[in-house]
Amino acid sequence: MERVEPDFMLRTSLRKEHHHRYAVAAQIASGTVVDCACGIGYGSELLLANGRVSQYTGIDPEASAIRYARERFAAPNARFLKGTLEKNRCKPASADTFVMFETLEHTVEPALAVSAVAKVLKPDGVLVGSVPSAEYEGLCESVYGPNEFHLQRFTAEALSKLLSDQFQAVALFAAEFVVGSLFRPLDVGSQLAARLHDRDGAEQQVLGSILFLAGSQKAVERATKRMAGQAQFHFAMGKTNLDAEEVEPIRKALNFAELSIQSRDEAIASQGKMLEDRWDILVNTEAMVRSRDGTIEALARQIDQQGGAVESITAVLSEQQGLIQSLTDHGQKQQDMIADLFAANTQKDADNAALTARLSDIQAQAIEAAAEANRVE
């Protein structure tokens, strides 16, 4: 993890691992302290709790972390600034102690960053820091995958060479968050000297961070003396508590995933049944469509036949209309002929009447002439 967020600090193992580093720094720190890559600022409380520390300056490149630190860890002798190792905004020779935990591995030019830090320290000041060891980086990469934010890897030899180019003296320590068995007396008054037992011949491997002190020979000796000159074990939590925080959530997540998979399988089976039903519906629909198409084709044929019949009927009606028109015309002609005949007969009757009248006149004249002839006789 590259940045400690407030929610992550609820995890005891993570919180303790970071606090242990600052606990060591608090043993060494004095005067004016600069804490670069301070994150959300929790280290300020641990360092200022040391009565030798008079002023604390936390530096971090993340603006949101600085805002949180100013709100959560505000103190009269503490300030938080936005910056980096190379651009730390500190005056030359102004710091008695410079703290930089898990920071150098993020830099593009570590030598430039160390040089910038050296300028900030007073001549008798001390640098306290840590970087993941090369062995630990390799282990983490095999477990968690590549870390795109870590631009550098440091062996103890390479780290010592880098720091020795800027500082008179360098001291390296292993800082590992490990699981083991702690044996300690329950008598509060008893003194327990630190003693480390081997771990299968891997004592030289650093499966964690390399803690380093750098400065003048006197400053490094003074800092080492304040660390009591011996190995330190800072207790964090029991393995069961660790499992409760680290393993139990995974177990619950796996159980949830198993239930989710089971639910998904049931959903898939249900969807499969739905697909089968839909397939049956599609098959039946296809049959219905084919049947409908047959019906439509039969209806189309009937329509074509009816169309032919309509055309035939239309032709017959047209012929009938022509015949009716012919009969109408013929009837009209007959009516005209009858009218003409009637007119001719009327004229003929008139002529006959005239002839009859004339004949009557002639007959009357004849009779009158005969009568006249008889009288003459």
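The buried residues of helix H4 (residues 110–120) pack against strand S4, strand S5 (121–132) and helix H6 (156–164), where contact means heavy atoms within 4.5 Å. Those buried residues are Pro 110, Ala 113, Val 114, Ser 115, Ala 116, Val 117 and Val 120; buried stands for under 20% relative accessible area, exposed for over 50%, and partly exposed for the range in between (1.4 Å probe, protein chains only). Helices (H or I, at least four residues) and strands (E, at least two) are DSSP runs, numbered from the N terminus. The model is a predicted one, in which local features need pLDDT of at least 70 and side-chain atom pairs count only at pLDDT 80 or more, while totals for chains, interfaces and linings use all residues. Residues are numbered from 1 along each chain as its sequence is written, and side-chain values use heavy atoms, with hydrogens and water left out.

On the whole-protein scale, there are eight helices and seven strands. Of the 377 residues, 27% are buried. Among contacts with a separation of 6 or more, 71% join residues 24 or more positions apart. The accessible surface comes to about 25,000 Å², and 56% of it belongs to carbon and sulfur atoms; such areas come from the Shrake-Rupley method with a 1.4 Å probe, and for residues only the protein chains shown count as cover.

Beyond four places in sequence, the residues touched by Leu 213 include Ile 28, Leu 127, Phe 173 and Met 227.

Asp 96 counts as buried because its relative accessibility is 17%. Its side chain makes a polar contact with the side chain of Lys 122 (3.2 Å). A polar contact is a pair of N or O atoms within 3.5 Å; within protein, one must be able to donate a hydrogen and the other to accept it, and residues adjacent in sequence count only if both atoms are side-chain atoms. Leaving aside neighbours within four places, Asp 96 is also in contact with residues including Ser 30, Thr 32 and Gly 125.

Salt bridges come next. With the rule that a side-chain nitrogen of Lys or Arg lies within 4 Å of a carboxyl oxygen of Asp or Glu, the count comes to ten salt bridges. Arg 21 pairs with Glu 102, the closest N and O atoms being 3.8 Å apart. Arg 21 lies in helix H1 and Glu 102 in the loop between S4 and H4, so the pair ties together parts that are 81 residues apart in sequence. Both Arg 21 and Glu 102 are buried, and Glu 17 joins them in a network of salt bridges. A further salt bridge links Lys 161 and Asp 165, with the closest N and O atoms 3.1 Å apart; here Lys 161 counts as exposed, at 52% relative accessibility.
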